[in-house]
Amino acid sequence: MVLNENAQLIQILIVEDDKRIAEINRRFVEKVPGYAVIGIATNEWEAKEQIEILQPNLILLDIYFPDMSGLQLLKWIRENFTNIDVIMITAAKEIEALKQAIHGGIFDYIIKPVMLDRFKETLNRYKEYYHTMNRLMDEKETINQDEIDKLIGKGNKESIDEDLPKGINRLTLDKVIAIIKKNNNGMTAEEVGQQIGASRTTTRRYLEYLVSISLVTADISYGSVGRPERIYQIKE
């Protein structure tokens, strides 16, 4: 019965050498309906064996391993299992690593430490893509431009995704929103900036943008030395 239920779910293999992080990712997956983690691999041998035997729908793949590069494993996956999708979850911030991953056909690239909201957003997007793709393959042999745009995420986006002003990056904006949502007591631009690795000035630009579109509120608070600070909170 469990096997039948899992067959209806999107099956995920986690490839991560740090067992603690692998377990965190597994628990994150469990918070998103429609998925089942069917295996965890911590090295190249385990990864290739489980991929060949289990043939998951989706792999959550790190880049740094003691015995291999996740980018080389991605290349091997593309050469041998073109029907398996990959999301990179890694501490690698090098542009060259990102470029190679994109050329390898990844669905998304998430930098550690992983924010739960960002993780869930990616899995929800992938779930929509996965089921839409399967439905289209069952129903027809050709596709029109509108269907393509919706499938690869260029159609029907929420207003926050559209026409972002100059200086506002989508991925950084997601991080700011995720951090603000986690803190019910409000945060200063400096506090948010420390968590995303950005300057106070840069972070404040993102926060003020969120205020301008009514996703975040800003109040004035006076610290212990009497200096006024803007405190940002997600709008209820």
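## Core, burial and rings

Tutor: V15, I59, L61, I77 and M88 touch the most other members of the largest nonpolar core, which has 24 residues. The model is predicted, so local features need pLDDT of at least 70 and side-chain atom pairs 80 or more, while totals for chains, interfaces and linings use all residues. Residues are numbered from 1 along each chain, and side-chain values use heavy atoms, without hydrogens and water.

Student: What makes a set of residues a nonpolar core?
Tutor: Its members are buried Ala, Val, Leu, Ile, Met, Phe, Trp, Tyr and Cys residues joined through side-chain atoms within 4.5 Å.

Student: Which element gives the largest share of this core?
Tutor: Helix α4 does, with five residues.

Student: Why is N25 called buried?
Tutor: Buried means under 20% relative accessible area, exposed over 50%, and partly exposed in between (1.4 Å probe, protein chains only). N25 has 3% relative accessibility, so N25 counts as buried.

Student: Why is F107 called partly exposed?
Tutor: F107 has 24% relative accessibility, so F107 falls in the partly exposed class.

Student: Why is the pair of F107 and Y129 called tilted?
Tutor: Rings of Phe, Tyr and Trp (its six-membered ring) pair if their centres lie within 6.5 Å; planes under 30 degrees apart are stacked, over 60 edge-to-face, and the rest tilted. Here the centres are 5.6 Å apart and the planes at 40 degrees, so the pair is tilted.

Notes. Helices (H or I, at least four residues) and strands (E, at least two) are DSSP runs, numbered from the N terminus.
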